[in-house]
Amino acid sequence: MKVKELTAWLENKYPAKAAEHWDNVGLLVGDDEAEVSHIFLALDLTEETLEEAIQAGADMIITHHPMIFGGIKKINNHDFTGRKIMCLIRNNISYYAMHTNYDVLGMADLSADYLKLEEREVLSVTEETKDGCEGFGRVGVLPKQMSLRECGEFVKAALSLNDVKIYGDLEQPVHRAAICTGSGKSMISDVLAKGADVYVTGDIDHHTGIDAVAAGLAVIDAGHYGTEYIFMDAMKKKLGENFPELPITCAKVKSPYTIL
């Protein structure tokens, strides 16, 4: 199979037009006429992850977060982005990113599935069509009413996390929940408008957390990585169903930070 055949399928299922204007998605490095014989999936393309892909024998890497966001004036070995680009080319590895387009068309419902949300709706609408709404995050009803403490434990178990950070009274009851993977603090106004009791997301800073609680919203910060590493298994399943002949390897699941 050629790169362009695989990317055509990805573009059809998760079109780039669904991405935010500031984003950078699609084939970022590589020749679309090249052959694909082994796909490697990761959340981020670090130098360690790239080495892992090379050792796995991959010739196509797909990540959620793009390695390249802004313009690049130089590609050399003096910075990590340049080194990664050079390494990809040297090893004949094509590189594709699917970020906010996947957030809208894949990750939002995927994350809601992990929390078993019922009666769900879009949290922050980006597009309205005759078939319904698309957008970031989801709001819905938890499987049962629980305390905020119990909800924190539920989120930890659902996402297989070592820890979560909670803002709010641990004994307060919560039932209606919102989730937005990655960094979701910009959508707190949407969460409040949807009447959620608790918001699951990542990258919540001190002031955002205490302000949310003051507005009547509990927050469970499950981490940027903790809410998005699920991309790998989900994409492995989708790709495996459509391209069963292609070997697919996922990067090792490892949080980028350590809590002592």
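**A first chat about this fold**

Q: Hi! To start, what share of the residues in the protein chain counts as buried?
A: Welcome! This is a predicted model, and 48% of the 260 residues of the protein chain count as buried.

Q: How many helices and strands does the protein chain have?
A: There are 9 helices and 11 strands in the protein chain.

Q: What about its overall size, say the box that the C-alpha atoms fill?
A: Along the principal axes, that box is roughly 55 × 50 × 35 Å.

Q: And how does the radius of gyration sit with a compact globule?
A: The two agree, because a compact globule with 260 residues would come near 18 Å and the protein chain has 19 Å.

Q: Which share of the contacts with a separation of 6 or more comes from residues 24 or more positions apart?
A: Such residues account for 65% of those contacts in the protein chain.

Q: Let's pick one residue. Where is Ser147?
A: Ser147 belongs to strand β6, which covers residues 132–147.

Q: Buried or exposed, that Ser147?
A: Ser147 is buried, because its relative accessible area is 12% and the cut-off for buried is under 20%.

Q: Which residues does Ser147 touch?
A: Leaving out residues up to four places away in sequence, Ser147 touches Leu170, Glu171, Gln172, Pro173 and Val174.

Conventions:
Residues are numbered from 1 along each chain as its sequence is written. This is a predicted model: local features need pLDDT of at least 70, side-chain atom pairs count only at pLDDT 80 or more; totals for chains, interfaces and linings use all residues. Side-chain values use heavy atoms; hydrogens and water are left out. Helices (H or I, at least four residues) and strands (E, at least two) are DSSP runs, numbered from the N terminus. The radius of gyration is taken over C-alpha atoms; the globule rule is 2.2 Å times the number of residues to the power 0.38. Buried means under 20% relative accessible area, exposed over 50%, partly exposed in between (1.4 Å probe, protein chains only). Contact means heavy atoms within 4.5 Å.
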